[in-house]
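Take each task first, then compare your steps with the solution.

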Amino acid sequence: MLRRLFLALPWMVGSAHAHSAHIGDIKIGHAWALPGLAGQDGQCFMPLLNTGKIEDELVAARSDICLAIQLRHNARYDDPPEIQFDLAPNKPIAMRPQAVHFRLLGLRKELKLFESFALVLDFLNAGEVEVEVRISNSPDE
């Protein structure tokens with residue numbers, strides 16, 4: 001399943017409004033977030049792939065939907081957040097609930113099914129790109 005996703009990724013890439021994006025050699029697949037209540041924390045997911053020959057790093061993410069965003073390798077609150085996600089050439093990063101994800105700290109509003117919000121990703125070499133994140137219960141909705 002994941003292999004098929006990344007084989008299809010180059011053809012999915014388009015405008016941010018298509019729920020996928022790219023900047024330089026970085027491909028960003030369908031971005032989605034679980035529903036959540038205002039004042040609580042949420043989770044956001046999107047596959048990332050560096051198609052270039054030089055390693056890059058995702059160093060930050062931000063959105064007006066929450067107070068801050070942490071890069072997480074699991075859902076445990078007692079583990080410290082990551083400083084960056086390393087993007088080695090042609091080594092995809094898959095994200096899913098309870099595993100690698102973005103933790104949306106302090107949601108400013110409720111995340112309702114089928115709505116969307118903007119999120120900015122900041123890569124060390126590739127720069128910044130804004131993606132549209134769709135709220136759903138799974139990446140297939």
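Helices (H or I, at least four residues) and strands (E, at least two) are DSSP runs, numbered from the N terminus. This is a predicted model, in which local features need pLDDT of at least 70 and side-chain atom pairs count only at pLDDT 80 or more, while totals for chains, interfaces and linings use all residues. Residues are numbered from 1 along each chain as its sequence is written, and side-chain values use heavy atoms, with hydrogens and water left out.

**Exercise 1.** Work out which pattern the protein chain follows along the sequence.

*Solution.* Start by counting: the protein chain has 1 helix and 11 strands. Then read along the sequence, which gives α-β-β-β-β-β-β-β-β-β-β-β.

**Exercise 2.** Find which residues methionine 46 is in contact with, leaving aside neighbours within four places in sequence.

*Solution.* Contact means heavy atoms within 4.5 Å. Methionine 46 meets Ile28, Gly29, His30, Ala31, Ile93, Met95, Phe102, Leu119, Leu121 and Val131.

**Exercise 3.** Decide whether leucine 67 is buried or exposed.

*Solution.* First locate leucine 67 in strand β7 (residues 66–72). Its relative accessibility is 62%, so leucine 67 counts as exposed (over 50%). Finally, list its partners beyond four places in sequence: Leu105, Gly106 and Arg108. The C-alpha atoms of leucine 67 and arginine 108 are separated by 7.2 Å, with the two residues 41 apart along the chain.

Technical notes
Buried means under 20% relative accessible area, exposed over 50%, partly exposed in between (1.4 Å probe, protein chains only).
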